[in-house]
Amino acid sequence: MEWIYKYYLFDKHILVNDEAEVSTEDQFETLFSLANLFNIRIVKGEKLVSKDMIRVASMKLGVNVPEPFYRGFPQTVRELTTDQLIFDQLLSYVKTYGFGNFTESTHSIFEKQFERAAFQEKTTIKEFTVIDEKEAEATLAEYVNNLLAGTRPLSNEQYNLVSNYIVAYKFTPSNVASKNTAMKLLMDTKNLEFTSYLNMSDVIKMVDELNYKYYGNTNMKKLNLRNQDRKFIISVIEKIFESGRVDIRDCYEKKKLWNGLLHHIHYKAKSTEAQQFLDAMRGDENHSVYSEFEKAMAEKQIMQALETLRSGKGSGAVLRNLNYIISRCESIEDLERVINSLDTKNVIILIQLLIQYSQYKTAAQARTFIFTKYNMMKAHTETDEEQKKRKSVISEGQVNMMVNKLTEILTNLLKNRLGKVYIDPDMVNYALPIQENTSMGGFGVLAKGTKIKLPETKKLRAFTYWEKVDDIDLSVFGISDDGKRTEFSWRTMAGLQSPAIKYSGDETSGYNGGSEYFDIDMEKMRKLYPDIHYMIFCNNVFSGVPFAKCYCKAGYMTRDLKDSGKIYEPKTVQSSFFIDCESTFAYLFGLDLKSNEFVWLNVGRSADFTVAGNSSMNFLTDYFHVTEVINVYTFFEMMATEVVDNMLDADIVVTDKDVHLEENDEAAKKIEVIREYDFEKMIKLMNQ
């Protein structure tokens, strides 16, 4: 079985034996190694263990990670003066970047000899099951089908699983709900059957994606496609004409782009319908839905505008334009008619809107507009001038009406979808995987906004490591409630090292790469920086190469306040994931110092920042409160016919704990267990 599948299943706490014969000789050694190196305990299928599982775990959790600049981090850092810290790093930069000498690792010249104690920290056991290749293929097929049921774009890791599985196993999907996913599969496989999920208006979006993916070009107005790509686009257009999915009214919205594309590919009509399409795109008229919608809005015909949008683009388009529509309502009657007309069955959009309105910024607060393109986040925060000119302003009362109505619609839509459900109380801390396409995947990665309570007896060690010579920087930003920022990075830490926060030094030398660490003692942070509420961890490639062209991993460990053993201990790793976005900048995770919680962010941002801190990030604090609006617990509570207190009474068990049901109990075998990392199952449920 290919490694991509083994790695994906590892993130679900599953190991795969794909050997023709199972060797019993290595079983004890393998079980011991998994436990000793990684704290992995096999709870099912231990007779199937094989040596290559150690390699899989090593690749996912890390064993041979480059040493940081300070070998005795964090103890030896405390003993160095600010001048010594600065001189140490400058000397390293002169050797590496000044003289280009990466032949051997560079370490501190002022650091004293340090002898580590044997590892003796109390760590969490990671429980895994082992399955054979046949069961693994069936499990992967279920994951693929569930992911394809989602209407939202997939993350790079999820899409790679889907596309590889379709090709390797000659798998024919029964449905592809996301047009974004259908476009990518069409481009990558060149299988024109995937056009059955697209309309003519989707071709412009597909060409935009193709133009970026293969040419690195983000400007659709300046196409310079190869002949083979032109032929491919023509074949897609012809296939759509054959199937009759020519939504010409929607194509009017991109008339100029259509004209440029048709000219560039030298398209010639082969049918009457095709000629009519060409004439429409080249003509002066514009009969797009949005043109008629805007006309009605300008004439203050609110309900007519709403109906035009709904009949032409669907209920989803109405919901996405609600702010605009509501802000133009001049009476309570108009507002009530708009709210009562909402009839969508799209759970994803309803949840997104519920979160949006629950966190709505008033007219006095600058809004940040977030959208995604090429699986990366773009963000724009209103300037003072834009804030003054803002027209789509809605009142607090209107916001409350929207929140109540959206909650009512969502509750009625989800009611009684499932049978009896046992829900672990701790699932209130987990966010739903609503829009994870900008995320990186890996072991321990959870949905944006998920909170993990950190023990008072532990500190957090954030890490990043990379291979070859790309210089990657880990940094932290403290944010106060009034938006003020405190930067903790390579350019500030020489003067900020303290018992509360420690920086390991920037290891940039050595052919195999380097590493960086931050140690955060949250109790001491609260005392030393009482104004800081949130901490945001970022990664950026200082040398300007996109993460997708580097080998870079990041994650975090929970360590004892007085840690023992090596700096990088796989046993203590809570998450380790590849950063593979196409930009040089990514948000990793955050800390809420007041609640002592770790919060998942995991966003690849569309930016060319090579130094952290060059952009606004206050909007990220909204993620810290997502679970207060809706979470995994409330989602399953809405769907349950009955919430039960005993697992054995349930049809479905939702928990972040290890579940051990008696294998001989027939009733227990029928229970479906859904874990906090089972994004695929949640995506399926949100898209039924």
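Visitor: How many aromatic pairs are there here, and how is such a pair described?

Guide: A pair of aromatic rings is described by the distance of the centres and the angle of the planes. In this structure, which is a predicted model, the count comes to 39 aromatic pairs. Take tyrosine 212 and tyrosine 374, whose ring centres are 3.9 Å apart and whose planes meet at 10°; since planes under 30 degrees apart count as stacked, this pair is stacked.

Visitor: Where in the chain do tyrosine 212 and tyrosine 374 lie?

Guide: Tyrosine 212 belongs to helix α8 (residues 202-215), while tyrosine 374 sits in the loop between β4 (368-373) and β5 (376-381), so the pair ties together parts that are 162 residues apart in sequence.

Visitor: Are these two tyrosines buried or exposed?

Guide: Buried means under 20% relative accessible area. Tyrosine 212 has 18% relative accessibility and therefore counts as buried, and tyrosine 374, at 10%, counts as buried too.

Visitor: What kind of pair do tryptophan 490 and phenylalanine 542 form?

Guide: Their pair is edge-to-face, with 5.7 Å from centre to centre and 80° between the planes. Tryptophan 490 is in the loop between β11 (485-488) and β12 (501-503), and phenylalanine 542 is in the loop between β14 (532-541) and β15 (552-560), so that the pair links distant parts of the chain, 52 residues apart. Tryptophan 490 counts as partly exposed at 32% relative accessibility, and phenylalanine 542 is partly exposed with a relative accessible area of 36%.

Visitor: Which residues form an aromatic cluster, and which lysines lie over the face of a tyrosine?

Guide: One aromatic cluster is formed by Phe537, Tyr556, Phe577, Phe589, Phe598 and Trp600. As for the lysines, lysine 12 lies over the face of tyrosine 143, at 5.8 Å from the ring centre, and lysine 184 lies over the face of tyrosine 159, at 5.5 Å from the ring centre.

Visitor: How should I read the packing of helix α18 and helix α20?

Guide: Two packed helices are described by the angle between their axes and the distance between the axes. Helix α18 (residues 347-358) packs with helix α20 (residues 396-414) at an angle of about 150°, and their axes are 9 Å apart. Because angles over 145 degrees count as roughly antiparallel, α18 is roughly antiparallel to α20. The crossing of α18 past α20 is left-handed.

Visitor: Which residues make the contact?

Guide: On α18 they include Val347, Leu350 and Tyr357, and on α20 they include Val399, Met402 and Leu414.

Definitions and conventions:
Residues numbered from 1 in each chain as written. Predicted model: local features only at pLDDT ≥ 70, side-chain atom pairs only at ≥ 80, totals over all residues. Heavy atoms only, no water. Phe/Tyr/Trp six-rings, centres within 6.5 Å; stacked < 30°, edge-to-face > 60°. Helix = DSSP H or I, 4+ residues; strand = E, 2+ residues; numbered from the N terminus. Buried < 20%, exposed > 50% of the residue type's maximum accessible area, 1.4 Å probe, protein only. Lys NZ or Arg CZ within 6 Å of the ring centre and 35° of its normal. Axes fitted to C-alpha atoms, helices over the stretch in contact; angles between N-to-C directions. Parallel < 35°, antiparallel > 145°, perpendicular 65-115°, else oblique. Left-handed = near helix turned anticlockwise from the far one by under 90°. Contact = heavy atoms within 4.5 Å.
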